[in-house]
Amino acid sequence: MDNLKDKVAVITGGNSGIGYATAKQLKEQGATVVITGRRKEAIEKAALELGVTAITADQSSVSDIESLASKVKEDFGQVDILFINAGITDKGTIEQATEALFDSIININFKGAYFTLSKFIPILKDGASVVFLSSNTANMSYAGTSIYSSGKTALNAVVKIAALELASKKIRVNSVSPGPTETEIMKKIGLNEEEVKTLMDAIVDNIPLKQMGKSEDVAKMVSYLSSDAAKFITGADFIMDGGMVLA
Ligand SMILES: NC(=O)c1ccc[n+]([C@@H]2O[C@H](COP(=O)([O-])OP(=O)(O)OC[C@H]3O[C@@H](n4cnc5c(N)ncnc54)[C@H](OP(=O)(O)O)[C@@H]3O)[C@@H](O)[C@H]2O)c1
């Protein structure tokens, strides 16, 4: 399959999980892929495994995003596919929240995602596809996820407005909202294997299809949204959570 041949794709946060799986998928379909990450070693290792290009950039830093856009322009010209995926999670009630926790989540998941779109607009090709990685939690009310869920809900508002602002250039902007998906994200908040398993078992109980999501399934959706088959789709959010929001 090479339906993304000659397309240049930029994926933020590509060294693990959904970003990594999407880089693999887009590359297999013929795209030239750039992945970003804040840890030089991790991103370069992933790029070597995938046969793609790595650029080190912290997506929470607007100056890093500007440098990233300049480097991509210099090396690849214009961008056909922008997958704004980099993100973190953390938990805690509103009462337990600290300014540091609020800033760490919002600076990456919302401010960083917003300015990634903003700074890449000048180098997006007419007809390009932008996909934001949101979350099914933006459509749910889970105690202990107020900062994370608010950031993703804010992103969903940006998707719709960006779809309108960029429609004259035939640039489409959509989001994918996975439910619980098997990636590294939970371990990164300090949970060990056993704690992750206990949490996942409890979560799976609340999913009508009784299984966790897979990064590869999200990657296929991003690939579809970035292809000509989705040329009439913009401003839409695709929930992929085994029916969890319905339960
Ligand atoms: N897994 C789920 O259940 C789930 C469900 C719904 C939505 N999501 C969303 O899916 C996206 C991808 O998460 P994932 O589950 O695939 O987790 P993951 O395996 O931890 O991948 C996240 C990626 O983002 C990168 N990243 C984090 N902060 C960054 C920063 N400041 N600058 C650049 N890169 C940064 C990570 O790099 P490091 O390795 O350096 O941290 C990693 O490459 C996130 O936006 C997340 O909110 C995940």
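Helix axes here are lines fitted to C-alpha atoms over the stretch in contact, and angles run from 0 to 180 degrees between N-to-C directions. The model is predicted.

**Stop 1: α4 and α5.** Select residues 99–120, helix α4, and residues 146–166, helix α5. Their axes are 10 Å apart and the packing angle is about 10°. Angles under 35 degrees count as roughly parallel, so α4 is roughly parallel to α5. Now show side chains. From α4, display L101, F102, I105, I106, N109, F110, A113, Y114 and L117. From α5, the residues they meet are I147, Y148, G151, K152, A154, L155, V158, A162 and L166. By class, this contact of α4 with α5 has 15 nonpolar residues, 2 polar and 1 charged.

**Stop 2: the ligand.** Keep Y148 and K152 of α5 in view, as both take part in the contact with α4. Y148 is also listed among the closest of the 31 residues that surround the ligand, with S16, R39, N85 and T183. K152 has a polar side-chain atom 3.0 Å from an oxygen atom of the ligand. Next select N15, where a side-chain N or O atom is 2.9 Å from a ligand oxygen. For R38, the corresponding distance to a ligand oxygen is 2.8 Å.

**Stop 3: α1 and α7.** Select residues 17–28 for α1 and residues 215–225 for α7. The two axes come within 8 Å and cross at roughly 55°, which makes α1 oblique to α7. The crossing is right-handed. On the α1 side, pick G17, I18, A21, T22, Q25 and L26. On the α7 side, pick S215, E216, V218, A219, K220, V222 and S223. This contact of α1 with α7 divides into 6 nonpolar, 5 polar and 2 charged residues.

How values were computed:
Residues numbered from 1 in each chain as written. Predicted model: local features only at pLDDT ≥ 70, side-chain atom pairs only at ≥ 80, totals over all residues. Heavy atoms only, no water. Helix = DSSP H or I, 4+ residues; strand = E, 2+ residues; numbered from the N terminus. Parallel < 35°, antiparallel > 145°, perpendicular 65-115°, else oblique. Left-handed = near helix turned anticlockwise from the far one by under 90°. Contact = heavy atoms within 4.5 Å. Nonpolar A, V, L, I, M, F, W, Y, C, P; charged D, E, K, R; others polar. Near = heavy atom within 4 Å. Polar contact = N/O pair within 3.5 Å; in protein donor to acceptor, adjacent residues only side chain to side chain.
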